Amino acid sequence: MNKKRICLVTSGHPPFDERIFWKFGQSLNENGFSVSIICSTEQINKVINDISILGFDGYSYNKKKKIDSFYDLITDFNPDIIICSEMLPVFAALKFKGKSSNAKIILDVTEWFPENVAYKFHGLKRWIKYFQLLFPFLYVLQKVDHLIIGEVFKKKRYNLLAASKPKIVIGYYPILKYFNYKKPDLSKEEIILGYAGVITFERGINKLLQVSISIADKFPQKKFELLLFGRFTYQSEEVEFKQKLSSIHNVEVVFVDWTDYDKMSTVIEKMDICFDLRVRNFIYSNSLPIKIFEYMACGKPFIYSDIKPIRDEIDYEKYGFLVNPDSESEIINAIESYLSNPKLVEEHSINARKLVEENKNWENESKKLIGMVNKILL
């Protein structure tokens, strides 16, 4: 019996993206499907864990050339289902379906689109870019067969824009088997404050540095380390941020470069309190942070910007603090609450791991993906 073929196509993510390769790709492969990942972000031709990974360096390509390149690779694989991570690959999938196939096309929506692109511009250019992307996106929504949406909060939009399309919410929760539990010990002399993810000023990295300096001043008997696990998006911000460090003497700032998803836990385990002090713009205020669940999987208490998606998703007071990211005093008070109350640290740590073990994990979430695929293939 021939395996059913599923390809995952992305124009914006690396081939080993945690959702595309580690979650969707591996789960589909483990459940008996033949899987191929096709990307335009890297020249690659490999087979890893029985998953075919094909890609081209499309950064200099115009849209037509990129679509044609996707189409050629999709045609070679001849899939039964095509899962697209962005709008552009859908056009290649539609071309394939129109010429030679009854393949089903699924759009996996994980970002606020077109805002995530348009908001990089300013003034009138922002609105021009927004509508340039909105109209083809509305077309795509009517042409795909199914929608996967990364979180409940984003689903409301598509209930309006694509009312007739089947939809399923498949979350971002961590693959539990890759994350080890390690309870923080804030009684020790060295305290490690941690951040994992994209490093930008908008993600609150400057505020986190200032808070680290201030808390170190208040607790001179402790040694504080700020562990930043990830990569800077903008070189100019990296240069500016690192220039500040030469004048800081009471906090050691340690950078750890990004690593494979199955090795992330070894870095997060070192952290005692985990942070995300992102600014509360439209996109960040309306998006559920992925890393919060990876921190929780390792049993780490968190201090996060107070945004509605977190409040709606979890009973946060059992696991950490939500704060105004503009209020240094509020953030410091949250840190002090942990430093002065070991019992609270232990409760939040145990509760966090328990929530991920029982509910917020990919092992559970993947069942939705497999169930959806099997239903579509009937």
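How many salt bridges does the count come to by the rule used here? The count comes to 23 salt bridges, a salt bridge being a side-chain nitrogen of Lys or Arg within 4 Å of a carboxyl oxygen of Asp or Glu.

1. Basis of the note. This is a predicted model, in which local features need pLDDT of at least 70 and side-chain atom pairs count only at pLDDT 80 or more, while totals for chains, interfaces and linings use all residues. Residues are numbered from 1 along each chain as its sequence is written, and side-chain values use heavy atoms, with hydrogens and water left out.

2. A salt bridge between buried residues. Glu 151 and Lys 154 form a salt bridge, and their closest N and O atoms are 2.7 Å apart. Buried here means under 20% relative accessible area, exposed means over 50%, and partly exposed lies in between (1.4 Å probe, protein chains only). Glu 151 is buried at 5% relative accessible area, and Lys 154 is buried at 2%.

3. Arg 231 and Asp 257 meet through their side chains in a salt bridge of 2.6 Å, N to O. This pair links distant parts of the chain, 26 residues apart: Arg 231 is in strand β10 (residues 223-232), and Asp 257 is in the loop between β11 (251-256) and α9 (265-268). Helices (H or I, at least four residues) and strands (E, at least two) are DSSP runs, numbered from the N terminus. Arg 231 is exposed at 51% relative accessibility, whereas Asp 257 is partly exposed at 46%.

4. Arg 311 forms a salt bridge with Asp 306, with 2.7 Å between the closest N and O atoms; Arg 311 is partly exposed, at 41% relative accessible area.

5. Strand β6 and its partners. Five of the six residues of strand β6 (residues 104-109) are buried, so that the strand is mostly covered. β6 pairs in the parallel sense with strand β5 (residues 81-84) over four bridges, where pairing requires that DSSP find at least two bridges between the strands. Ile 83 stands opposite Ile 106 in β6. β6 also pairs in the parallel sense with strand β7 (residues 146-149), again over four bridges, and Asp 108 stands opposite Ile 148 in β7.

6. A cis peptide bond. Phe 113 and Pro 114 are joined by a cis peptide bond, with omega about 10°. Pro 114 lies in the loop between β6 and α4 (115-118).

7. Asn 49 is partly exposed at 44% relative accessible area, whereas Asp 50 is exposed at 62%.

8. Cysteines. A search of the whole structure finds zero disulfides, a disulfide being a pair of cysteine sulfur atoms within 2.5 Å. Cys 274 is in no disulfide, and the nearest cysteine sulfur, that of Cys 298, is 7.8 Å away. Cys 274 is buried at 0% relative accessibility, and Cys 298 is buried at 0%.

9. Contacts of Asn 286. Asn 286 lies in the loop between α10 (282-285) and α11 (291-297) and is buried at 17% relative accessibility. Leaving aside neighbours within four places in sequence, Asn 286 is in contact (heavy atoms within 4.5 Å) with Trp 112, Glu 151, Phe 153, Lys 154 and Pro 309.

10. Gln 43. Gln 43 lies in strand β3 and is exposed, with a relative accessible area of 61%. Apart from neighbours within four places in sequence, Gln 43 is in contact with Gly 55, Phe 56 and Asp 57.
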